[in-house]
Amino acid sequence: MTNAYGPSHLEVARLSTNLGNAFGVLGQPGRKREYLEEALRIMRAECGEDHVNVAIILANLGAAYSDLGQAETSLKHLRKALHIKELHFGKDHVEVAVTRLNLANCLHRLGDTDGAIREAEAASGVFLVAYGAESHQVVSSRKLLTSWRLQAHSKALSHGQDHAGSPATWRPDGLRASPCRAPS
């Protein structure tokens with residue numbers, strides 16, 4: 001392909017992206033990363049740092065680095081992808097929500113449960129508006145949120161407080177319940 005177009009042609013970037021993603025599906029994240037890094041180099045040179053296709057490649061690279069166990073590098077790529085997508089689509093677009101949910105997963109892997117919950121809640125809200133309450137995207141993101149909230153609550157309870165720092169008044173749906181008091 002590079003013989004026909006040259007090493008820095010957008011078609012080479014497109015094909016490198018596709019090859020990288022194919023290697024990801026085949027369980028070869030190292031090869032995925034190599035092809036995506038090449039695609040990113042070309043796309044940045046040809047289209048600029050804040051082009052939406054750069055964001056797409058960055059998000060895919062974030063997944064590759066996550067699969068390689070490099071969560072910090074994954075986080076860096078996902079944050080940059082999110083920033084670019086927000087510039088192009090706004091905060092309430094499904095493309096932004098997908099990247100935000102990937103960022104939430106990365107934050108959770110890094111131990112930032114509060115950050116993960118914030119990002120996943122924002123993504124879930126966009127999915128709710130776009131697809132409706134019964135959609136796969138909403139149901140999946142809400143299950144994820146419930147799991148993370150339960151983990152955070154369990155951890156907080158082991159320290160004698162609920163997730164918000166008060167006596168245990170938390171509910172799995174994220175709402176705060178009124179503390180029950182025995183009659184005097």
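This is a predicted model: local features need pLDDT of at least 70, side-chain atom pairs count only at pLDDT 80 or more; totals for chains, interfaces and linings use all residues.

**Contacts and helix packing**

Colleague: Where is Val52 placed, and is Val52 buried or exposed?

Modeller: Val52 has its place in helix 4. Helices (H or I, at least four residues) and strands (E, at least two) are DSSP runs, numbered from the N terminus. For burial, under 20% relative accessible area is buried, over 50% is exposed, and in between is partly exposed (1.4 Å probe, protein chains only). Val52 has a relative accessible area of 19%, so Val52 is buried. Across the sequence, Val52 and Glu86 are 34 residues apart, with 9.6 Å between their C-alpha atoms.

Colleague: What is the relative accessibility of Val54, and which residues is Val54 in contact with beyond its neighbours within four places in sequence?

Modeller: Val54 also lies in helix 4, which spans residues 52-67. Its relative accessibility is 0%, so Val54 counts as buried. Leaving out neighbours within four places in sequence, Val54 is in contact with Leu40, Met43, Arg44, Gly48, Glu49 and Ile84. One of those partners, Arg44, is 10 residues from Val54 along the chain, and their C-alpha atoms are separated by 6.5 Å.

Colleague: What about Ala22: how does its relative accessible area read?

Modeller: Ala22 is in helix 2, and its relative accessible area of 35% is why Ala22 is partly exposed. From C-alpha to C-alpha, Ala22 and Tyr35 are 10.0 Å apart in space, and 13 residues apart in sequence.

Colleague: Now the whole chain, please: how many helices and strands are there?

Modeller: The chain has eight helices and zero strands, and its elements from the N terminus on run α-α-α-α-α-α-α-α. Of its 184 residues, 36% count as buried. The accessible surface, from the Shrake-Rupley method with a 1.4 Å probe, comes to about 10200 Å², and 53% of that belongs to carbon and sulfur atoms. Among contacts with a separation of 6 or more, 47% join residues 24 or more positions apart.

Colleague: How do I read helix packing, and at what angle do helix 2 and helix 3 cross?

Modeller: Axes are lines fitted to C-alpha atoms, for helices over the stretch in contact, and angles run from 0 to 180 degrees between N-to-C directions. Angles under 35 degrees are roughly parallel, over 145 roughly antiparallel, 65 to 115 roughly perpendicular, and the rest oblique. The axes of helix 2 (residues 10-25) and helix 3 (residues 29-47) come within 8 Å and cross at roughly 155°, which makes helix 2 roughly antiparallel to helix 3. The crossing of helix 2 and helix 3 is left-handed, meaning that the near helix is turned anticlockwise from the far one by less than a right angle (right-handed if clockwise). Residues making the contact include Leu10, Ala13 and Phe23 of helix 2 and Tyr35, Leu36 and Ile42 of helix 3.

Colleague: And how far apart are the axes of helix 7 and helix 8?

Modeller: The axes of helix 7 (residues 113-131) and helix 8 (residues 136-158) are 9 Å apart, at an angle of about 160°, so helix 7 is roughly antiparallel to helix 8. Helix 7 passes helix 8 in a left-handed crossing. Among the residues in this contact are Ile117, Phe127 and Tyr131 of helix 7 and Val138, Leu145 and Trp148 of helix 8.

Colleague: Which way do helix 6 and helix 8 run, parallel or antiparallel?

Modeller: The axes of helix 6 (residues 94-109) and helix 8 come within 12 Å and cross at roughly 20°, so the two are roughly parallel. Their crossing is left-handed.

Terms used
Residues are numbered from 1 along each chain as its sequence is written. Side-chain values use heavy atoms; hydrogens and water are left out. Contact means heavy atoms within 4.5 Å.
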